[in-house]
Amino acid sequence: MYKVSLLTRDGATIAFDAEPSDTLLDAAERASIYLPSSCREGGCGACRVARASGEVELMSYSSAALSEDERMAGDILLCRARARGDLALRAPFDEAAVGSAPVPERRATLVALEPAGSGAVRLQLQYEDDPTFGSAAQFAAGQFVELTLPDGSAKRSYSLANAPNWDGTLELFIRLQPHGAFSNYLRDRAAVGDTLLVRGPQGQFTLDEASPAPRWFVVGGTGLAPALSMLRQIGEFADQRPCRLFFGVNKVDELFALDVIDELQAALPLVVTLCVWKPEQDWRGFVGTPVAALAQALSSATERPDIYVCGPPALIAATEETARSCGVPHDRIFSEKFTAA
Ligand code: FES
């Protein structure tokens, strides 16, 4: 049996014992400590933490969940790591992201479904009253939920785009994949009134409230969703710290939620750069990727910001490389990978 101690981003220490045969995620759960995770099989990266000292054995995992650079920097996946000695770990999330009970499962009704630019939809769900959890939608801005189709045939995880609220409302933006099971449902069969199972909230991609640095968001496509959630939360807290949003799509007609972005810009010290990789004529925004826009902005910035990046793995990797080469430390870059499904 080995001793594991996990230091959270806000300075709390969480301790548990691990058998050599347990994954660290299972070992924590045996002690009723529910650490952020999702796929539990090395595919999503939701359980990534940094190893400060001690040895682990890492079982197989996807490089989309843990890149070679991240592994070299000492990061591990809790769902794929077994202790080989006493361990000290550092978590990229606050103590509030650690649960003392399994992830809640609740039922929600589909109340709105509409296009969100070309190729994506906006989904609004309403939680049913629940004897344990009440009617509120309680989560940390930036987290995701796992949805199960009404017939139980497929599950997918999507980030929430709204702020936590007492009304029980969930808003999501979902990219439609050509042959995805969930996308086929949304395209062909979904109807207002359908009931879906919601497992969540989950995830550690949340604001670092303790950091005084400006907050910059670098997002691609529906990776905008968690950034909207965090910016809406910042607006509710009337936080006047400077923010920037670099929102990238391939073509102009893929932009969405521009009305929400306008509202946020009116309420917050927020500078928005809309980036289109292959614009048609008349485009007056940035031409190129959000990473190129970020590089340009960092080259003239006087302060190093915290960077929140969400989108496909290639966007995350390029943002991390650009930010690090411009002097942003590894631990000031927070990321959430979206994989097509
Ligand atoms: S929970 Fe998905 S990689 Fe560990």
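The paragraphs below go through a predicted model of one protein chain, from its overall form to single residues.

The protein chain contains seven helices and 19 strands. Its radius of gyration is 20 Å, close to the 20 Å that the globule rule gives for 341 residues, so the chain is as compact as a globular protein of that length. Along the principal axes, the C-alpha atoms fill a box of roughly 65 × 50 × 40 Å.

The chain can be read in parts. The domain assignment gives domain 1 as residues 2-97, domain 2 as residues 105-202 and domain 3 as residues 215-337.

Consider how domain 2 and domain 3 meet. Their centres, taken over C-alpha atoms, are 24 Å apart. At the interface, 18 residues of domain 2 are in contact with 15 residues of domain 3. About 1300 Å² of area is buried between domain 2 and domain 3, and carbon and sulfur atoms give 56% of that area.

Polar groups also take part in this interface. Between domain 2 and domain 3 there are six residue pairs in polar contact. The rule for salt bridges finds one across the interface of these two domains. A salt bridge here requires a side-chain nitrogen of Lys or Arg within 4 Å of a carboxyl oxygen of Asp or Glu. E171 and R232 form a salt bridge, with their closest N and O atoms 2.7 Å apart. On the side of domain 2 that touches domain 3, strand β12 (residues 169-175) gives the most, with four residues. The residues of that side of domain 2 divide into 11 nonpolar, five polar and two charged.

Salt bridges can also be counted over the whole model. The structure holds 24 salt bridges. One of them pairs R9 with D94, whose closest N and O atoms are 3.1 Å apart. This pair links distant parts of the chain, as R9 and D94 are 85 residues apart. R9 is in the loop between β1 (2-7) and β2 (13-18), while D94 is in the loop between β7 (87-90) and β8 (105-115).

Two details of the backbone remain. P201 belongs to strand β13, which covers residues 195-202. The second detail concerns A238, where phi is near 55°, a positive value in a residue other than glycine. A238 sits in the loop that runs between α4 (224-236) and β15 (243-249).

Definitions and conventions: Residues are numbered from 1 along each chain as its sequence is written. This is a predicted model: local features need pLDDT of at least 70, side-chain atom pairs count only at pLDDT 80 or more; totals for chains, interfaces and linings use all residues. Side-chain values use heavy atoms; hydrogens and water are left out. Domain bounds come from an automatic or database domain assignment. Contact means heavy atoms within 4.5 Å. Buried area is the accessible area (1.4 Å probe) that two parts lose on being put together, summed over both. A polar contact is a pair of N or O atoms within 3.5 Å; within protein, one must be able to donate a hydrogen and the other to accept it, and residues adjacent in sequence count only if both atoms are side-chain atoms. Ala, Val, Leu, Ile, Met, Phe, Trp, Tyr, Cys and Pro count as nonpolar, Asp, Glu, Lys and Arg as charged, and the others, Gly among them, as polar. The radius of gyration is taken over C-alpha atoms; the globule rule is 2.2 Å times the number of residues to the power 0.38.
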